Amino acid sequence: MPVAFLERKAVVWPPFVIFMHMKNPMDSRERELVRNAVYEIVRMIPSGRATSYGALARAVGIPKSPRLIGWIMGTCDSAANGIPAHRVVNSQGVLSGRMAFGTPDRMRELLEKDGINAENNRLKNWKTVFR
């Protein structure tokens, strides 16, 4: 639940407390806190479920920055870090980050391995797997 502090916003996502400037760009420390918080949240997404960049942005206190979340997910090297980045899609269930997985079909293959059906680069059952 976000809590406002003057010109800063604190978002508590156990075990994180992230302070974000409301009007100023993030410094490197804040970017790293956001990145780590996003990775921890994504690691909590169970197999068979998915979420959106916008939902992650809201969870870490930057609701107007889903593109930043997309950038973070696209650069996370999910295989090496154990981050199930394939479980994060855009707000309509489109596999918009599929090109970050080496081949265009790899994201779909990983989702199908998790029991999530995708067709034409879109989750077929988006409303039931969204978390």
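Predicted model: local features only at pLDDT ≥ 70, side-chain atom pairs only at ≥ 80, totals over all residues.

**The whole chain**

Residues are numbered from 1 along each chain as its sequence is written, and side-chain values use heavy atoms, with hydrogens and water left out.

Next, colour the chain by secondary structure. The protein chain has 6 helices and 7 strands, arranged along the sequence as β-β-β-α-β-α-α-α-β-α-β-β-α. Helices (H or I, at least four residues) and strands (E, at least two) are DSSP runs numbered from the N terminus.

Then display the surface. The protein chain exposes about 7,700 Å², of which carbon and sulfur atoms supply 54%; such areas come from the Shrake-Rupley method with a 1.4 Å probe, and for residues only the protein chains shown count as cover. Among contacts between residues at least 6 apart in sequence, 51% join residues at least 24 apart, a contact being heavy atoms within 4.5 Å.

**Helix 1**

Select residues 28–43, which form helix 1. How far apart are the end C-alpha atoms of helix 1? They are 23 Å apart, which agrees with the 22 Å that its 16 residues should span at 1.5 Å a residue; the expected span is 1.5 Å times one less than the number of residues. Now show the side chains of E30, V34, R35, A37, V38, Y39, I41 and V42, which are buried in helix 1. An α-helix has 3.6 residues a turn, so residues three or four places apart point the same way.

**The nonpolar core**

Which residues have the most contacts inside the largest nonpolar core? Select V38, V42, V60, I69, M73 and L123, which hold that position in a core of 32 residues. The elements that give two or more residues to this core are helix 1, helix 2, helix 3 (66–74), strand 5 (88–89), helix 5 (106–113) and helix 6 (126–129). Helix 1 gives the most, with 6 residues. A nonpolar core is a set of buried Ala, Val, Leu, Ile, Met, Phe, Trp, Tyr and Cys residues joined through side-chain atoms within 4.5 Å.

Centre the view on L123. Leaving aside neighbours within four places in sequence, L123 is in contact with A50, V89, G93, L95, L111, I116, N117, A118 and V129.

**Y53 and G70**

Move to Y53, which is found in helix 2 (residues 53–59). Y53 is buried, with a relative accessible area of 11%. Not counting residues up to four places away in sequence, Y53 touches P66, I69, G70, M73, V88, V89, N90, S96 and G97. A C-alpha distance drawn from Y53 to L68, 15 residues apart along the chain, reads 8.5 Å.

From Y53, step to its contact G70, which lies in helix 3. G70 is partly exposed, with a relative accessible area of 26%. G70 and A57 are 13 residues apart in sequence, and their C-alpha atoms are 9.4 Å apart in space.

**The cavity**

Select R31, R35, L68, W71 and I72, the lining of the largest cavity. About 30 Å³ of space lies in this cavity. Helix 3 supplies the largest share of the lining, 3 residues. On a 1 Å grid over the protein atoms alone, a cavity is a set of points where a 1.4 Å probe fits but cannot get out, and lining residues have an atom within 4 Å of a point. Grid points are joined across faces, edges and corners, and the volume is the space filled by probe spheres set on the points.

**Two loops**

Select P46 in the loop between helix 1 and strand 4 (51–52). P46 counts as partly exposed at 29% relative accessibility. P46 and R87 are 41 residues apart in sequence and 8.9 Å apart in space, C-alpha to C-alpha.

Finish at N120, in the loop between strand 6 (118–119) and strand 7 (122–123). N120 is exposed, with a relative accessible area of 74%, and its phi is near 55°, a positive value in a residue other than glycine. N121 lies in the loop between strand 6 and strand 7 and has a positive phi of about 60° although it is not a glycine. At 29% relative accessibility, N121 counts as partly exposed.

Conventions:
Buried < 20%, exposed > 50% of the residue type's maximum accessible area, 1.4 Å probe, protein only. 1 Å grid on protein atoms, 1.4 Å probe; cavity = no way out; pocket = protein on both sides within 12 Å on 5 of 7 lines; lining within 4 Å.
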